[in-house]
Amino acid sequence: MNSLRVRLSITVLAVLIVALVFLSFQTAERAQSVLQPELERKAATVAGSTASLIGRALELGVPLDRLQGLDAYLQRILAGNPDLSYIALRDAGGATLYQAATGDAAKVATAVDPTHSVSVPISVQGGGQETLVVGLDPAYARQVVSTLWIDLVIVMFVTAVVALELVYVGFGAGLYGAIEGVERRLKTIRKGDLRLHPPVDAGSEFGGFARSLDDRLGQLHSTYTSLRNNVVERGDQISQQALDMMRGRFGLGEGVIAAPAQVIAMRAPLFVFMLAEELTRPFLPVYIRSLATPIAGLSPEFVISLPMMTFLIVVALSQPLLGNVTERIGRRNCLMAGALLGLIGYCASAFVGDLIGLTAARAVSGLGFALVFVSAQGFVIDSTDIRQRSSGMAMFISAILVAGLCGPPIGGILADRIGIPGTFVIAGLFALCSLVLAWFCMPATGSRTSQGPAIRWRDFGPIISSPPLAGLLFLCAMPAKIILVAFCFFLVPLQMENIGATQATTGRMLMIYPIAMVLLVPFFASLADRWSMRAPFVALGGLVAGVSAFAVFLGGAHILPIALMLLGLGLGQAISIAPLSGLVGEMGRALPGNVSENSVYGIFRLVERTGNALGPLVGGVLLGIYGFSTTVMIIGGGMALCALLFFAVLGSRRQPKLELPATGRRP
Amino acid sequence: MIRRRAFLGMAAGSVAGVLSPGIAAAQSGGQTKPYRIYRITYRGRTEVEDGFDDYLASNGIAVEFIERDAERGVAKLPGFVDEIREVKPDLVYTWGTPVTLGIAGRYDAPDKAKFITDIPIVFALVASPVAAGLVADRMVPNRNLTGAVHVVPTDTQLRAMHSYRPITKLGVLYTATEQNSVSIVQEVRDLQKPMNFSLIERQFRAGADGRPVADGIEELVAEIKHEGANWLYLLPDTFLGTQYNRVTPAAMAQSLPTFGAAELAIRQGGALVALISRYYSVGQLAASKAVKILRKETPVGEIPIETLKRFSLIINMPVAKKLDLYPPIDMLNYAEVLTG
């Protein structure tokens, strides 16, 4: 944590956040000052039109005590104007003749507060002194401002995270690379490790400093080499031994220390592209529903799931095949091709008029998504050796997670402001941006020796016939993806629309899962490893995720139970996701025969992606028959049962190997 | 109010009549010369014709009218048929059921020679074209005729009545020999269950020749009231239309509110409320059909005969005062209120 890079990032963020907090306060204050007069104006308009209607009735000769249905009429006005607390017709003496009030009617009797009410006289020629009084609900203004604050905080959060990404991107290969290079050199030298480092490619002060360090180390190495050559020529065994000891102690004459040099180059294009896809999360099912036309024999909910399923099926099927393609054609070219497909797919999604067109557009986007994903993953594999793979992959995964965190709320706010088609176009522009970033950031070459196919189909046999591994894949990995996609990407956005929530609210809801993941995954991962309890953690996580669905017992038509459900889902999957991945490798190595670990992981990913594609299908079919609450409880109950079953399978065939700590490799 | 609008309409119409060929033809682009419409009214020019003319004008259709009036009878109609054959207009316009039947004939008439079949006819103000035998199917006329119906659907009428004051028992007084009335009463019977009210039916007494007579109207209304009716529905019955001056005072004497289905029932007949189609709007609807025919967009036989989607609610405030039965206040937002 004391790295200069981290401290610089924190400083940049702190400055940014101070500025944002200041701006947010200004915005909220401005909103408040505009809001109150605006609400008063609106109340005056409502009062005016109601007063003129009453005036017309009196003018037509309807007696004051015969204003039929006025109470009900006032009640309807209140129902249509949440910013009003009461509306009443009073006579000259202030006695209430007709009224409607929210909450307790007692408020009306006592309410004489002129700051929160608007009075309009009933003007009738030669008429009495009646007035219509409209009361403003102070809670409404408070609620508007607090909703605004939620938006502001989310914008602040997202801006901070995106800024951090930009800092990475902007400084990654340059200044930060140089700073890290210098820090690495100083750290190794302090430890007495005098090995050479890969050159720092930057022009800053830090770059120069790193290079001068490299020069001195280089001189030291060449001095050592000539000294050793001399000694070998002389055949001085004792001196040679001494030099060898020095070599062992200080690493003199050793090669270059490897470092994850270029992994960061793929982060920007990957992040921006994933952000494009995540933007569509809160409204995609709603958008599909608006385009959907009934298909005979299929429930509307099932029809809605089709374009989503198409996307995920394209992703699931193409990913295993694209690995080799991107290797041959080059990761950068493929990533750019994927971004281009994304651009086409998102823009087409904005303009298609029907379900078929949207399905085709989503299929194109899906292929683009798969290409970008596989290319970026391949790029990480290319630019890291086996020891750096984990940290490279962490960078890959964190880019996706951060995008998943920021995309939905931004997408929701955008959809509320500029509409869904406009947001699709913006997603397309993000894809274009990803293309440009790939062009600038990623090295043009970088193809490496082929590593062979990731999945060997003949390896399926031993995996299926191993009950624990099969259980892990089909009782844990696959249901985990089904429940995630069905809940987060399908059922919740549709239900939120049904209960009248804005897209922005839906976007915020969809942040719950990634936040839980980001915060809790590292914690549970280390806990599971430390206690050597990966399998129980996997089962427990599945159980928690599944049981969370029953939060809708508290009311599936309310936001809080749905939020609780998503929180439970996030918690459950945070418990299980890392142990699950580790357990796959662990169990794979325990398989008889020569099933490669690569192959086991390949099959694991394929099973997961199949679960992804099944998610909307399962959600759509059940939703059409049972409605939201029952559907989530069926899926959640199924997930929980699978987790218990997995635990039972393990318990019945407990093997000592299962408890071995893993070597911690996670592709 | 009405008189003024009618006057203005007529003035505009006559000015257009003098100037229209030149000016209107210049406006209408592709149209080389004005269309000729042979127009037969029943009782002189009404607001229906105003709506008809205005609609054509605002759609840039130049027309030249040959105006004829049946003078409240059918005697002149055969002469009109001959004249139409002679002048060969582009379209024939007919007002009301008697005129339309006299010019177009029943769809199943054995001798079509007496009627116009080769020139398209657009009618207005026909209450029930199917019952009158003009067409077999309103949606697909399947002959050289279409038009606009002015009657408000029965369920719409009852819903309006219900929102003024919930119907518990509904009284109807109609002519047993009028097919149109019998079918409306059947519709009302069918609405009892869904709208949760009961029906009290009375028929006008019949004279020796079987025709309805006005004798005993007061007793019939009193019977309806005594059986517990809280509304009397003045359905569009032709004989009833001639007896408003006896029916509504009788109802008033019993404090029984009346709901009219025809404009006359409230403007002259003293009903409390009425839901009606405005003549002007009916004229516009008929003109929209005429435009389709003149522009040859759709074959005449495929242009559905339609009624309006929006109607006018009229409240008679002096009657409301006498009955101490005032309208729900939000009705004043859209109703026309008669005050004098």
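Predicted model: local features only at pLDDT ≥ 70, side-chain atom pairs only at ≥ 80, totals over all residues.
## Ground rules

Residues are numbered from 1 along each chain as its sequence is written, while chains are lettered from A and ligands numbered from 1 in the order written. Local features need pLDDT of at least 70 and side-chain atom pairs pLDDT 80 or more, but totals for chains, interfaces and linings use all residues.

## The cores

A nonpolar core here is a set of buried Ala, Val, Leu, Ile, Met, Phe, Trp, Tyr and Cys residues joined through C-beta atoms within 7 Å; buried means 20 or more other C-beta atoms within 10 Å, with C-betas placed from the backbone. The largest one has 149 residues, and A:Phe487 is among those touching the most other members. Helices are DSSP runs of H or I, at least four residues, numbered from the N terminus.

A second, separate core of 126 residues includes A:Leu89 and B:Leu240.

## A:Gly342 and its helix

A:Gly342 sits in helix H11 (residues 331–351) of chain A. It counts as buried because 28 other C-beta atoms lie within 10 Å. Leaving out residues up to four places away in sequence, A:Gly342 touches, among others, A:Phe273, A:Gly368 and A:Ala431 (contact means backbone-placed C-beta atoms within 7 Å).

The axes of H11(A) and H14(A) (residues 420–441) come within 8 Å and cross at roughly 170°; axes are lines fitted to C-alpha atoms over the stretch in contact, with angles from 0 to 180 degrees between N-to-C directions. The two helices are therefore roughly antiparallel, a label for angles over 145 degrees. A:Gly342 and A:Ala431 both belong to the contact.

Conventions:
Buried ≥ 20, exposed ≤ 12 C-beta atoms within 10 Å, placed from the backbone. Contact = placed C-beta atoms within 7 Å. Parallel < 35°, antiparallel > 145°, perpendicular 65-115°, else oblique.
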